[in-house]
Amino acid sequence: MQEPLLGTEGPDYDTFPERTPPSPRERTGVGALQNKKLFLATFAAVLGNFSFGYALVYTSPVIPALEHSLDPNLSLTKTQASWFGSVFTLGAAAGGLSAMVLNDLLGRKLSIMFSAVPSAAGYALMAGAHGLWMLLLGRMLTGFAGGLTAACIPVYVSEIAPPGVRGALGATPQLMAVFGSLSLYALGLLLPWRWLAVAGEVPVLIMVLLLSFMPNSPRFLLSRGRDSEALQALAWLRGADVDIRWEFGQIQDNVRRQSSRISWAEARDPHMYRPIVIALLMRFLQQLTGITPILVYLQSIFDSTAVLLPPKDDAAIVGAVRLLSVLIAALTMDLAGRKVLLFISAASMFAANLTLGLYVHFGPKPLTPNSTVGLDSAPLWGTEQPPAAPAGLLTLVPLLATMLFIMECLRPPGAFLLLRRHLLGEPGVHRLLCA
């Protein structure tokens, strides 16, 4: 008589299969999630991104205040205000380039801590400024610190995070930068411009204090031949009860593979350089959309247009919408194709910018236009309207257009990063970038 299938076990049939034991990689990820030290190290690092976002938009409430300053040494003209807002990017470019050297010379953690020196000095100069040169120098120093942290922190976070949460923790630098900008806009409603600079020192000091107790990334320590320190750092980040041997071996193998340099013959291969050119071009064009000038001169833009709400309130609202947009973009990124998101965002940003531009030239004018960003220039085709007090729903157009632009501009970086991950997925391309 044939045996019943119920309860039989064999290679082809198993009615009640036992649960497969987790792999070493799964055990490592689960244990790391239970270790709060990993999240503390991530929080300590991304405080640098908070400071970067804070410093980036520092000029938004400060420029209007300085343009009406009674001190002749601090009263800004249109040209001086433009330099005060834009010199930050020169410092950020220098900081980003220096990160290429400091990341490997000092390590990721010490490079982030080093950024506190120019950041603290820059805020101190702006808080005690008695002339334009102190404002410009302080602005450039905070820009240098921002560029350095923007290049070092994502590397540090990705190297200390286990594979299972690397994507989630990798989104925290951008989230903290946006939160830093929102904090500046909110504090701008309450504090004078000198105290805004003093408040900027707080996250910098907390970052240095916390990072003093955090380990360097195991990957960097292995690249320097400090294997025992790397093992201790990985054990600290993952927890005492986690078997880290599998992950430690994976990191060692990756360090050995990427330590080899590729030849120029390999670099000239179209399969190697085309993805890099596409990725860099996409990033370059995304920056040309004007997101940075809008954030830097946000309150000045609202000052130069007839708006229903006070410009400070409008800037704070846009900052809150920007933070919300980051969260929405992170949740909806996988619901559509990367290219589809890029096309939709580009079209929406074009419509938002066009709407704002038409409103500036053809809409009602403010009673006291601000000359900071040149939006009170001569009208097109003689269509100048007499100044009018903001009233009616039409004066909501600048706020709504800016909100739409900010929301759509935050989706391309996320879609770009995912698309770049596919473009640069070839091992040789990754090795070329590391070189």
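The structure is a predicted model, in which local features need pLDDT of at least 70 and side-chain atom pairs count only at pLDDT 80 or more, while totals for chains, interfaces and linings use all residues. Residues are numbered from 1 along each chain as its sequence is written, and side-chain values use heavy atoms, with hydrogens and water left out.

A search of the whole structure returned 1 cavity of 30 Å³ or more. A cavity is here a set of points, on a 1 Å grid over the protein atoms alone, where a 1.4 Å probe fits but cannot get out, and its lining residues have an atom within 4 Å of a point. Grid points are joined across faces, edges and corners, and the volume is the space filled by probe spheres set on the points. The volume of the largest cavity is about 70 Å³. Its lining is formed by G48, S51, F52, S115, A116, S119, T142, A145, G146, T149, V204 and M207. By class, 5 of the lining residues are nonpolar, 7 are polar and none is charged; Ala, Val, Leu, Ile, Met, Phe, Trp, Tyr, Cys and Pro count as nonpolar, Asp, Glu, Lys and Arg as charged, and the others, Gly among them, as polar.

At least two lining residues are supplied by each of α2 (36–56), α6 (116–127), α7 (132–160) and α10 (193–211). Helices are DSSP runs (H or I, at least four residues), numbered from the N terminus. The largest share of the lining, 4 residues, comes from α7. Helix α7 also holds C152, which is buried with a relative accessible area of 0%; buried denotes under 20% relative accessible area, exposed over 50%, and partly exposed in between (1.4 Å probe, protein chains only). The C-alpha atoms of C152 and L102 are 8.8 Å apart in space, although the two residues are 50 apart in sequence.

Helix α2 comprises 21 residues and reaches 30 Å from its first C-alpha to its last, close to the expected 30 Å at 1.5 Å a residue. The expected span is 1.5 Å times one less than the number of residues in the helix. A kink of about 25° is centred on A45 in α2, the bend at a residue being the angle between axes fitted to the seven residues ending there and the seven starting there. The helix is mostly covered, with 15 of its 21 residues buried. The C-alpha atoms of G48 and V208 are separated by 9.2 Å, the residues being 160 apart along the chain.

The count of aromatic pairs comes to 3, where rings of Phe, Tyr and Trp (its six-membered ring) pair if their centres lie within 6.5 Å, and planes under 30 degrees apart count as stacked, over 60 as edge-to-face and the rest as tilted. The pair of F50 and F179 is tilted, because the ring centres are 5.7 Å apart and the planes stand at 55°. This pair links distant parts of the chain, with F50 in α2 and F179 in α9 (residues 172–187), 129 residues apart. F50 counts as buried at 13% relative accessibility, whereas F179, at 38%, counts as partly exposed. Y54 and Y123 form an edge-to-face pair, with 6.2 Å from centre to centre and 75° between the planes. This pair likewise links distant parts of the chain, Y54 lying in α2 and Y123 in α6, 69 residues apart. Both Y54 and Y123 are buried.

Helix α9 has 16 residues and reaches 22 Å from its first C-alpha to its last, close to the 22 Å expected. Its buried residues include P173, M176, V178, L182 and Y185. Helix α3 (residues 59–67) is largely enclosed by the rest of the structure, because 8 of its 9 residues are buried. Among them are P61, V62, I63, L66 and E67.

Buried positions were also examined in two further helices. E247 lies in α13 (residues 245–258) and is buried, with a relative accessible area of 4%. The C-alpha atoms of E247 and L234 are separated by 8.9 Å, the residues being 13 apart along the chain. I291 is found in α16 (residues 291–296) and is buried, with a relative accessible area of 10%. A C-alpha separation of 8.3 Å applies to I291 and F405, which are 114 residues apart along the chain.

Technical notes. 1 Å grid on protein atoms, 1.4 Å probe; cavity = no way out; pocket = protein on both sides within 12 Å on 5 of 7 lines; lining within 4 Å.
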